[in-house]
Amino acid sequence: ILVLTALVLTASSVLSAASSLSPTFTIRYEDFINDLSPGVAIGLRLTIDDDRYTGFEVNTDQDNFDTRLLLGWNWGVIGIGAVTVGDTVYPHYTFGVSYEVLPGLSSNFEYVMTPDAPAEDESLRDHLRLALSISF
């Protein structure tokens, strides 16, 4: 009976967590002050409660491939990840704000930094990112 109870509780918590997992599609404007060309990122978002969420996101730019883990609380968002340029991987950090415009649609404004990137690579310099994210 004890094992059956543990299995039922585990299954119910997995099912309730699965209902708060949603795919995301994001249109990003990297360094939007200097260049307004959009990029695309996809990911997963796991809602923990009304105020907190976590997830991951990857972009589709194969020249500067960016992957990151997201941690969000209320309006704040922090991203910790890596940027791959050729065969080199650089640590990559973001922090900023996110505002839910409509249910499932949020705008994000972040400061992006890659501290170990070579100075001559302008695509990896610190910049501001503007994004529009859709959660399904």
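This briefing walks through the fold, strand pairing, charged network and surface of the structure above. The model is predicted, so local features need pLDDT of at least 70 and side-chain atom pairs count only at pLDDT 80 or more, while totals for chains, interfaces and linings use all residues. Residues are numbered from 1 along each chain as its sequence is written, and side-chain values use heavy atoms, with hydrogens and water left out. The protein has 1 helix and 8 strands, and along the sequence they follow the pattern α-β-β-β-β-β-β-β-β.

**Overall build**

- Helices (H or I, at least four residues) and strands (E, at least two) are DSSP runs, numbered from the N terminus.
- The protein has 136 residues, and 27% of them count as buried; buried means under 20% relative accessible area, exposed means over 50%, and partly exposed lies in between (1.4 Å probe, protein chains only).
- Among contacts (heavy atoms within 4.5 Å) between residues at least 6 apart in sequence, 33% join residues at least 24 apart.

- Strands β6 and β7 run antiparallel and are joined by 9 bridges; two strands pair if DSSP finds at least two bridges between them.
- L102 has L105 in β7 as its bridge partner.
- The hairpin of β6 and β7 has 2 residues between the strands, and G104 takes a positive phi near 90° there.

**H92 in strand β6**

- H92 is found in strand β6, and its relative accessible area of 4% makes this residue buried.
- The side chains of H92 and T114 are joined by a polar contact of 2.9 Å; such a contact is a pair of N or O atoms within 3.5 Å, where within protein one must be able to donate a hydrogen and the other to accept it, and residues adjacent in sequence count only if both atoms are side-chain atoms.
- Leaving aside residues up to four places away in sequence, H92 touches D66, G79, I80, G81, A82, V83, V112, M113, T114 and R129.

**Salt bridges**

- Side chains of opposite charge can pair when their charged atoms come close.
- The structure holds 11 salt bridges, each defined as a side-chain nitrogen of Lys or Arg within 4 Å of a carboxyl oxygen of Asp or Glu.
- R28 and D66 form one of them, at 2.9 Å from N to O; R28 lies in strand β1 and D66 in strand β4, so this pair ties together parts that are 38 residues apart in sequence.
- Both R28 and D66 are buried.
- E110 and R68 meet in a salt bridge of 2.8 Å, N to O; because E110 lies in strand β7 and R68 in strand β4, the pair ties together parts 42 residues apart in sequence.
- E110 counts as buried at 3% relative accessibility, and R68 counts as buried at 6%.
- Through shared partners, salt bridges join R28, E30, E57, D66, R68, E110 and R129 into one network.
- The side chains of R52 and D49 also meet in a salt bridge (2.6 Å, N to O); R52 is partly exposed at 38% relative accessible area, and D49 is partly exposed at 31%.

**Nonpolar surface patch**

- W75, V97, Y99, V101, L102, F109 and L130 form a nonpolar patch on the surface, with about 670 Å² of accessible area together.
- Patches are made of residues with over 30% relative accessible area and no salt bridge, with like charges joined within 9 Å and nonpolar side chains (Val, Leu, Ile, Met, Phe, Trp, Tyr) within 5 Å.
- Strand β6 (residues 88–102) gives the most to this patch, with 4 residues.
- V101 is found in strand β6 and counts as partly exposed at 43% relative accessibility.

**Positive phi in loops**

- D31, in the loop between β1 (21–30) and β2 (39–47), has a positive phi near 45° although this residue is not a glycine; D31 counts as buried at 14% relative accessibility.
- N74, in the loop between β4 (65–73) and β5 (76–85), has a positive phi of about 55° and is likewise not a glycine; N74 counts as partly exposed at 45% relative accessibility.

Methods: Accessible areas come from the Shrake-Rupley method with a 1.4 Å probe; for residues, only the protein chains shown count as cover.
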